[in-house]
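Please load the model in a viewer and keep the sequence panel open beside it.

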Amino acid sequence: MIEKILVAVAGRGLCEEMVNMLMEIPSIQQAAVTILHVVPPQISADDMSEKLAEGGKILAQAVKQIKADPTKVSPRLKQGDPKTVVCEVAEEENADLIIMGSRALGRLQAILEGSVSQYVFQLASRPMLLVKDDTYVKRINRVMVAMNKSAEAKQALEMALSLVRDIQGGQLLLAHVNPPKPVKNPEEDEALAEAIAEAKKFGVAYRCFIGDGKAGEEICRLAEENNADLLLLGSPDRRPTIAKSLVDLDRLIGGSLSDYVRVNANCPVILVRR
């Protein structure tokens, strides 16, 4: 269940739209929402004062835009490095979901330009919903989950079911790319069969698909072809403990399915990490 949501706002309005779409789902309507805006350090006191005033206006506008129970909404204006402050507040608030905007930069470009969402994704241990600047936020009806046998995929499925089962006419889209055993009927795939059994427990309508090829490209293609409104993807924490203090260096190592999907999916993406 999603009971505490942290929304990091920057004045563009997309995250607020995403929250409003989530708030149409009965199971989320009573969630507590923390709206956070972070003002980076400034050179002078005058600059700091000006940025704090601007930040207050951004927060006030976000509070107006978000259609949630006002008693459940807590605006917070913080000063500091946005990358670390978002992570700190997520821990303080014990957030079940972090919602952030994303410029959808590729991995290396994100590092060079100091992407806040990329940094938070690397360090946060909580599910994170990314809304790209060029994404059209739609009412949530079709929720897609990229399945395999991992614990993270199962957790993504649990979250998807908690959303879809309360959506009238909602549909769960289950996709497994490059399964170890080829099957003619997707419902015979072991990972999909387990997910289907869970969907049936809650009476959730579902469709399932098998993909073949590069995993990231296939997941994005299936999401687009089936008009997914929201995509959930399990994202294991691959970093050794020592690398947690070397985030930028660590991000240069290897390719990442999560990075590809967050950049290229044509719908908002929730990255689920245990």
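Helices (H or I, at least four residues) and strands (E, at least two) are DSSP runs, numbered from the N terminus. The model is predicted: local features need pLDDT of at least 70 and side-chain atom pairs count only at pLDDT 80 or more, whereas totals for chains, interfaces and linings use all residues. Residues are numbered from 1 along each chain as its sequence is written, and side-chain values use heavy atoms, with hydrogens and water left out.

**Whole chain.** Display the protein as a cartoon; its secondary structure comes to 10 helices and 10 strands. Of its 274 residues, 51% count as buried (under 20% relative accessible area; exposed is over 50%, partly exposed in between; 1.4 Å probe, protein chains only).

**Strand 4.** Select residues 97-102. Which way do the side chains of this strand point? Leu97, Ile99 and Gly101 point one way, Ile98, Met100 and Ser102 the other way, and all are buried. Strand 4 is largely enclosed by the rest of the structure because 6 of its 6 residues are buried.

- Strand 1 (residues 4-8) runs parallel to strand 4 and is joined to it by 4 bridges; Val7 has Ile99 as its bridge partner, and Ala8 stands opposite Met100.
- Strand 5 (residues 128-132) is also parallel to strand 4, with 5 bridges; Lys132 of strand 5 stands opposite Ser102.

**The nonpolar cores.** Show side chains. A nonpolar core is a set of buried Ala, Val, Leu, Ile, Met, Phe, Trp, Tyr and Cys residues joined through side-chain atoms within 4.5 Å. The largest has 50 residues, and those with the most contacts inside it are Leu22, Ile28, Ile99, Leu129, Leu172, Leu174 and Leu232. Helix 6 (residues 151-164) supplies the largest share of this core, 8 residues. Apart from it lies another core, of 35 residues, including Ala95, Phe121, Val177 and Cys267.

Centre on Leu232. Contact means heavy atoms within 4.5 Å. Leaving aside neighbours within four places in sequence, the contacts of Leu232 include Val143, Ala156, Met159 and Ile270.

**Helix 8.** Select residues 215-225. Its buried residues are Gly216, Glu218, Ile219, Cys220, Leu222 and Ala223. Their cover includes strand 6 (142-146), strand 7 (171-177), strand 8, strand 9 (230-234) and helix 10.

The axes of helix 8 and helix 10 come within 9 Å and cross at roughly 35°; axes are lines fitted to C-alpha atoms, for helices over the stretch in contact, and angles run from 0 to 180 degrees between N-to-C directions. Ala215, Gly216, Glu217, Ile219 and Cys220 of helix 8 meet Leu257, Tyr260, Val261 and Asn264 of helix 10.

Terms used. Two strands pair if DSSP finds at least two bridges between them.
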